[in-house]
Every structure is written in structure tokens, then in C-alpha cells.
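This report describes one protein chain. Please consult the sequence and the structure shown here while reading.

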Amino acid sequence: MTTNQLKQRTKNFSLMIIDLVEKLPNSISTKVVANQIVRSGASVGANYRAVCRARSDREFVSKMNIVLEEADETLFWIEIIIEKQWFDKLELDSIWKEGNELTAIFVSTLKTVNNRINQK
């Protein structure tokens, strides 16, 4: 997968999260969760763009760790939404799957770059 393809994919994930938040029921607790998930979910795409501008492997790793953390936090909030039954689990399958696939890509990329750094 190219850098531009992953940029688009992370942006699409951010948009999926924003669309999800727009459909959440209106209550105090959903507003709190909506705020948290939109921040973490949208930051996956935004922070991945910063990764692409890294000037060194170490900077790349630092920025990619932020992306990974935000993706994982987004998955946490999706779990909360599922467990609160604000959406049917089937409705969230595509977002859940994409979040997990992106997380796996980020972990794999970090392992590769960390191995390269450690071999120097």
C-alpha cells in the first residue's frame, strides 16, 4: 500500500467516525463519547499526514506511535458504543474492521522501522 493510499484510507476512516457521531442518540453520555471518539478518530487521518512528513526514522516512529494510540482509543470508544447498545454491532462492523486493519498496519510498520533503527 502506498503512502497516498494510506493517507486516503485514514482520512476515510476519520470520515466514517464523523458519520457515526452524527447518528448517535442525543444524551449527556453520548455527547461525551461522541466528543472523545471524534477527536481520536479524526486524529488518525490528521496525524498520519504528519507521519508522512517525518524527517527521520525516529521522528517517524514517534509520530506513528501517536497514530497507533489514537486508532486504539477509537476502537475503545467503538466498544463502548457497542456495549451501550447505541448501535447494533452489525452496523459498526465496517468501522470496527477498518480500525483493526489500520491498527495492524501501523503496528507492522512500527516493527519494521524499529528493526531498521536497531540494526544501525
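The sections below treat the overall fold, the nonpolar core, the salt bridges and selected surface features.

## Overall architecture

The model is predicted. The chain contains four helices and zero strands, and its order along the sequence reads α-α-α-α. The helices are α1 (3–22), α2 (28–51), α3 and α4 (89–119), with α3 covering residues 57–83.

The C-alpha trace spans about 50 × 20 × 20 Å along its principal axes. Of the 120 residues in the chain, 40% are buried.

## The nonpolar core

In soluble globular proteins, nonpolar side chains tend to be buried together. Here the largest nonpolar core comprises 32 residues. The residues with the most contacts inside this core are I37, M64, I78, I81, L92 and F106. Each of the helices α1, α2, α3 and α4 supplies at least two residues of the core. Helix α3 provides the largest share, with eleven residues.

M64, one of the core residues with the most contacts, can also be related to the loop between α2 and α3, where A54 is found. A54 and M64 are ten residues apart in sequence, and their C-alpha atoms are 9.5 Å apart in space. A54 has a relative accessible area of 23% and is therefore classed as partly exposed, since the buried class requires a value under 20%.

Side chains of opposite charge can pair when their charged atoms come close. The structure holds seven salt bridges. In one of them, the side chains of R9 and E98 meet with an N to O distance of 2.6 Å. Because R9 lies in helix α1 and E98 in helix α4, this pair ties together parts that are 89 residues apart in sequence. E98 counts as buried, because its relative accessibility is 14%.

R9 also forms a salt bridge with E101, at 2.5 Å from N to O. This pair likewise links distant parts of the chain, with R9 in helix α1 and E101 in helix α4, 92 residues apart. E101 has a relative accessible area of 32%, so this residue is partly exposed.

Which residue forms a salt bridge with E101, the closest N and O atoms being 3.7 Å apart? The partner is K97. K97 and E101 are four residues apart in helix α4, so about one helical turn separates them. K97 counts as exposed because its relative accessibility is 53%.

Taken together, R9, K97, E98 and E101 are linked in a network of salt bridges.

## A negative surface patch

E69, D72, E79 and E83 form a negative surface patch.

Is E79 buried, partly exposed or exposed? With a relative accessibility of 34%, E79 is partly exposed.

Key: Residues are numbered from 1 along each chain as its sequence is written. This is a predicted model: local features need pLDDT of at least 70, side-chain atom pairs count only at pLDDT 80 or more; totals for chains, interfaces and linings use all residues. Side-chain values use heavy atoms; hydrogens and water are left out. Patches are made of residues with over 30% relative accessible area and no salt bridge: like charges are joined within 9 Å, nonpolar side chains (Val, Leu, Ile, Met, Phe, Trp, Tyr) within 5 Å. Accessible areas come from the Shrake-Rupley method with a 1.4 Å probe; for residues, only the protein chains shown count as cover. A salt bridge is a side-chain nitrogen of Lys or Arg within 4 Å of a carboxyl oxygen of Asp or Glu. Lys and Arg count as positive and Asp and Glu as negative; His and the chain ends are not counted. The place of a charge is taken as NZ of Lys, CZ of Arg, CG of Asp or CD of Glu. Buried means under 20% relative accessible area, exposed over 50%, partly exposed in between (1.4 Å probe, protein chains only). A nonpolar core is a set of buried Ala, Val, Leu, Ile, Met, Phe, Trp, Tyr and Cys residues joined through side-chain atoms within 4.5 Å.
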